Amino acid sequence: MESDISIHSEIAIVPMGLGHLRQVIDLGYQVFDTYAKPYTSWSLTSVAEHLDSAGKSCWVAVDSDRVVGFVLASMEFELREDWAYLEWIAVSPDMQGRGVAGKLMTACCDTLFKHGARRIVTDVENHNVASASMMRKNGFTEGTTVTLFVRPNPDESVAGDEQVTLGPGTKRDLIRRGRIAGDGRHGRVTR
């Protein structure tokens with residue numbers, strides 16, 4: 001017996017194809033809070049970029065013909081050709097706690113390492129305790145924390161709004177703006 005947490009025998013972990021696209025997008029909208037950073041960038045374009053990238057590692061968990069989970073990653077992180085980026089992972093709420101995410105993570109990381117990744121980088125929103133725990137269980141370590149500081153233009157009035165919010169942009173945009181350096185198997189990342 002594998003473990004106390006097992007996947008139903010009918011769930012298969014398979015490479016994502018175009019036939020899975022609609023269900024992956026819908027599941028992302030179901031699971032991600034698309035009004036909160038970093039999930040505001042969830043879209044057809046987010047998925048298509050991964051399917052169209054070299055060294056892609058996009059996997060789905062399928063129960064019969066229903067997509068119950070997915071992971072999207074690629075061999076594209078900053079200017080490093082030997083670093084991969086695991087950007088999206090989700091499991092349907094009714095399938096959580098059954099080992100689906102771990103199986104997706106294993107398939108994804110194994111593929112990225114086979115494509116030459118020396119490190120795989122991911123990011124987790126600081127209040128997402130479940131995702132952070134899952135990453136730790138799957139061999140990721142915390143490399144760095146980044147605090148995004150925002151300075152408003154003093155010539156523009158912020159009528160009654162003491163909290164400055166960020167305008168359009170995605171977590172990928174923020175990551176691409178930074179300079180990355182690091183070492184260690186899972187990426188001790190510094191900016």
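Guide: Happy to. Helices (H or I, at least four residues) and strands (E, at least two) are DSSP runs, numbered from the N terminus. Two strands pair if DSSP finds at least two bridges between them. This is a predicted model, where local features need pLDDT of at least 70, side-chain atom pairs count only at pLDDT 80 or more, and totals for chains, interfaces and linings use all residues. Residues are numbered from 1 along each chain as its sequence is written, and side-chain values use heavy atoms, with hydrogens and water left out.

Visitor: Thanks. How many helices and strands are there in the protein?

Guide: The protein has 5 helices and 7 strands. From the N terminus on, they run β-α-α-β-β-β-α-β-α-α-β-β.

Visitor: What is the strand order in the open sheet?

Guide: The open sheet has 5 strands in the order β1-β2-β3-β4-β5, and the pairing is mixed. Its edge strands are β1 (11-15) and β5 (119-121), each pairing on one side only. Neighbouring strands of this sheet are turned by 25° against each other on average, direction ignored; axes here are lines fitted to C-alpha atoms, for helices over the stretch in contact, and angles run from 0 to 180 degrees between N-to-C directions.

Visitor: And which way do β2 and β3 run?

Guide: They run antiparallel, with 7 bridges joining β2 (residues 57-63) to β3 (residues 66-74).

Visitor: What about β1 and β2, how many bridges do they pair over?

Guide: There are 5 bridges, again in the antiparallel sense. V60 is a handy landmark: V14 has V60 as its bridge partner in β2, and V60 in turn has F70 as its partner in β3.

Visitor: Is β2 buried or exposed?

Guide: Of the 7 residues of β2, 7 are buried, so β2 is largely enclosed by the rest of the structure. In a regular strand the side chains alternate between the two faces of the sheet. In β2 both faces are covered, with S57, W59, A61 and D63 buried on one side and C58, V60 and V62 buried on the other.

Visitor: Which strands does helix α2 touch?

Guide: Helix α2 (residues 44-51) packs on the sheet and touches β2, β3 and β4 (83-91), its direction making about 65° with that of β3. Contact means heavy atoms within 4.5 Å.

Visitor: Switching topic, how many aromatic pairs are there?

Guide: The count comes to 5. Rings of Phe, Tyr and Trp (its six-membered ring) pair if their centres lie within 6.5 Å; planes under 30 degrees apart count as stacked, over 60 as edge-to-face and the rest as tilted. One of the pairs is F32 with W42, edge-to-face at 5.1 Å centre to centre and 70° between the planes. Both residues lie in the loop between α1 (21-31) and α2, so the pair ties together parts that are 10 residues apart in sequence.

Visitor: What other ring does W42 pair with?

Guide: W42 also pairs with W88, edge-to-face, 4.9 Å centre to centre and 70° between the planes. That pair links distant parts of the chain, W42 in the loop between α1 and α2 and W88 in strand β4, 46 residues apart. W42 is buried with a relative accessible area of 3%, and W88 is buried with 1%. Ring pairs link F32, W42, F70 and W88 into a cluster.

Visitor: Last one: which residues have the most contacts inside the largest nonpolar core?

Guide: L86, I89, L104, M105, L112 and I120, in a core of 25 residues. A nonpolar core is a set of buried Ala, Val, Leu, Ile, Met, Phe, Trp, Tyr and Cys residues joined through side-chain atoms within 4.5 Å. Helix α3 (100-114) is among the elements that each supply at least two residues, and α3 gives the most, with 8 residues. M105 touches L86, I89, M134, M135, N138 and F140, not counting residues up to four places away in sequence. A second, separate core of 17 residues includes M16, V24, C58 and L72.

Definitions and conventions
Buried < 20%, exposed > 50% of the residue type's maximum accessible area, 1.4 Å probe, protein only.
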